[in-house]
Amino acid sequence: MAVELEFLKSILYFSELSLAELESIRKLVFEKTAGRAEMVLLEGESAENLYFVASGAVKVFKTSAEGKEQILSIVRPGESFNDVPIFDGGPSPASARTMGPVLLYGIKKQDMKTILRDHPHIALNVIKVLARRVRQLLSLVEDLSFRRVISRVAKILFEHIGGEMGRGPRLTQQEMAAMAGTAREVVGRSLKALEEEGAIKLDRHRIVITDKEALQKIMEVPS
């Protein structure tokens, strides 16, 4: 299956490129498919490929010595992961696992160097991508350091159900815990508290946002 030029154009790395430039880049892109819960990257391993999610979602996470996960980001269609080690030459700083069936587009590290050499103006887009990644990590540090757990859970629900990412994968309580830096049981109590506040409704295995403004207010309350 050929890589779609329109999809490449939608990726921030390659935005504003001509069709001829996109065509030359497409020749260096390969496809990779994976099923649910498959490991795509392992923290500490040599980084050989830059990946873009074409369909599905991938969670990027760190694992403690005790085996506890901290999810750093959930990568959705059009977004990339494993960027940093491709450019600094170090090992993968985090692991990546699929959250369902996914289609990935990949570019080998050496081919990415060729792309940057042949299309140097892409470097500005690379800077934007990496700057956005820094902002995301700073936001995560701020959440873990200064927000109460219930505020963190509210923010996760607001962004992943009520926001622009609402079409993303359904999150389990364990995954929400790994994003909020807490235990699954604490997330469960936070969800019940949010339901009592009238912000959400727990419907079997679904979470429905019933009052977006109330959820946002709880999300913004500091620790």
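## The open sheet

Four strands make up an open sheet, ordered β1-β8-β3-β6 with antiparallel pairing. Strands here are DSSP E runs of at least two residues, helices are H or I runs of at least four, and both are numbered from the N terminus; two strands pair if DSSP finds at least two bridges between them. At the edges sit β1 (29-34) and β6 (80-81), each pairing on one side only.

This is a predicted model, in which local features need pLDDT of at least 70 and side-chain atom pairs count only at pLDDT 80 or more, while totals for chains, interfaces and linings use all residues. Residues are numbered from 1 along each chain as its sequence is written, and side-chain values use heavy atoms, with hydrogens and water left out.

Now a look at β1: six bridges join β1 to the antiparallel strand β8 (residues 102-108). Across from Phe30 you will find Gly106 in β8.

## The nonpolar core

The largest nonpolar core has 28 residues, and those with the most contacts inside it are Leu157, Met176, Leu191, Leu194, Ile200 and Leu215. Such a core is a set of buried Ala, Val, Leu, Ile, Met, Phe, Trp, Tyr and Cys residues joined through side-chain atoms within 4.5 Å, where buried means under 20% relative accessible area (1.4 Å probe, protein chains only).

Two or more residues come from each of β5 (69-75), α6 (149-162), α7, α8 and α9 (212-219). The most come from α6, which gives seven residues to this core.

Technical notes:
Buried means under 20% relative accessible area, exposed over 50%, partly exposed in between (1.4 Å probe, protein chains only).
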